[in-house]
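This report concerns a single protein chain. Its sequence and structure are shown here for reference while reading.

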Amino acid sequence: MSEFAGLTAIVTGGASGIGAETAAVLAERGAQVAVLDLNPAGADEAYLRVACDVSDSQSVASAVAQVVERFGGIDIVVNNAGISAVGTVEDNPDDEWTKVLNINVMGIVRVTREALPHLRNSDAASVVNLCSIAALNGLPQRALYGATKGAVLSLTYAMATDHIAEGVRVNCVSPATVHTPFVDRMLQGFADPVAEKAALDARQATGRMVQPREVAEAIAYLASPRSGSVVGTALDVDAGMTHLRPRKV
Ligand code: NAD
């Protein structure tokens with residue numbers, strides 16, 4: 001399949017987990033892929049791998065410039081880089097709030113701001129942000145993380161409104177728990193990581209965590225002209241976690 005032939009895609013955080021799987025799906029379908037990551041060496045060498053810290057404006061500006069220099073433009077941005085945080089409002093100090101907001105929310109602002117002048121020149125411009133079910137569900141121990149993803153949801157709606165007249169579609173995906181290194185690290189924050197993993201699997205209506213490829217497929221759909229009339233939406237890839245309720249028997 002070559003639906004992305006001739007298109008250039010940036011995937012932030014594309015060296016691991018959902019981002020790595022997304023980069024693979026886009027590349028398999030013909031996109032020229034640039035991975036912007038703190039650890040670019042972790043990404044497949046078939047991609048343009050650019051060292052980038054999305055929490056640093058200069059780093060983002062330099063990375064986006066490298067992509068444009070190599071490929072001549074940008075058509076797709078997947079704002080995927082993000083970090084986890086566990087705890088209630090009592091558990092994380094101010095500097096932790098600042099750090100996570102600066103990556104999960106401001107990272108999207110910085111990368112999109114740098115990419116927009118190039119996206120406006122594309123006939124197939126699409127931005128896909130990584131939100132989470134934590135945006136709309138009060139998950140335990142996710143005060144900080146949930147707040148950042150609530151902001152990603154609002155930001156997605158606002159960006160979609162502001163830029164659709166310029167031909168730039170903006171959407172987001174909201175996964176439930178996806179079995180990636182991000183989750184494995186988060187599990188280590190619990191007293192019994194094995195029991196917590198079993199509980200996470202059991203909490204999904206499907207009995208298992210979401211797979212990275214399932215999220216990457218949703219991102220690829222939103223990135224593609226196939227979703228040309230899908231604008232300012234959050235696509236849940238959540239095994240029904242947001243809207244399903246247990247059956248009464
Ligand atoms: P991951 O930890 O496996 O990968 C994240 C990648 O982002 C890594 O390659 C890391 O180097 C990179 N990164 C981290 N900070 C960065 C920074 N400041 N600048 C540039 N790159 C940086 O994570 P994942 O599980 O694949 O999650 C990816 C996204 O999906 C995140 O935004 C996360 O919030 C979201 N998400 C994940 C889950 C889940 O259960 N895994 C669920 C919902 C949403």
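In this predicted model, Gly-42 is partly exposed, because 15 other C-beta atoms lie within 10 Å, a count between the limit of 12 or fewer for exposed residues and that of 20 or more for buried ones. Gly-42 is placed in the loop that runs between strand E2 (32-37) and strand E3 (48-51). Leaving aside residues up to four places away in sequence, Gly-42 touches Ala-15, Ser-16 and Asp-37. Leu-139 lies 97 residues from Gly-42 in sequence, and the C-alpha atoms of the two are 31 Å apart in space.

Elsewhere in the chain, two helices meet. The axes of H3 (residues 94-104) and H5 (residues 143-163) come within 10 Å and cross at roughly 30°, and this crossing is right-handed. The residues that form the contact are set out below.

| Helix | Residues in the contact |
|---|---|
| H3 | Glu-96, Trp-97, Val-100, Leu-101, Asn-104 |
| H5 | Leu-144, Tyr-145, Thr-148, Val-152 |

As a whole, the protein chain contains eight helices and seven strands. Its radius of gyration is 17 Å, close to the 18 Å that the globule rule gives for 249 residues, so the chain is as compact as a globular protein of that length. Along the principal axes, the C-alpha atoms fill a box of roughly 55 × 40 × 35 Å. Of the 249 residues, 46% count as buried. Among contacts between residues at least 6 apart in sequence, 70% join residues at least 24 apart.

Note on methods. Residues are numbered from 1 along each chain as its sequence is written. This is a predicted model: local features need pLDDT of at least 70, side-chain atom pairs count only at pLDDT 80 or more; totals for chains, interfaces and linings use all residues. Axes are lines fitted to C-alpha atoms, for helices over the stretch in contact, and angles run from 0 to 180 degrees between N-to-C directions. Helices (H or I, at least four residues) and strands (E, at least two) are DSSP runs, numbered from the N terminus. A crossing is left-handed if the near helix is turned anticlockwise from the far one by less than a right angle, and right-handed if clockwise. Two residues are in contact if their C-beta atoms, placed from the backbone, lie within 7 Å. The radius of gyration is taken over C-alpha atoms; the globule rule is 2.2 Å times the number of residues to the power 0.38.
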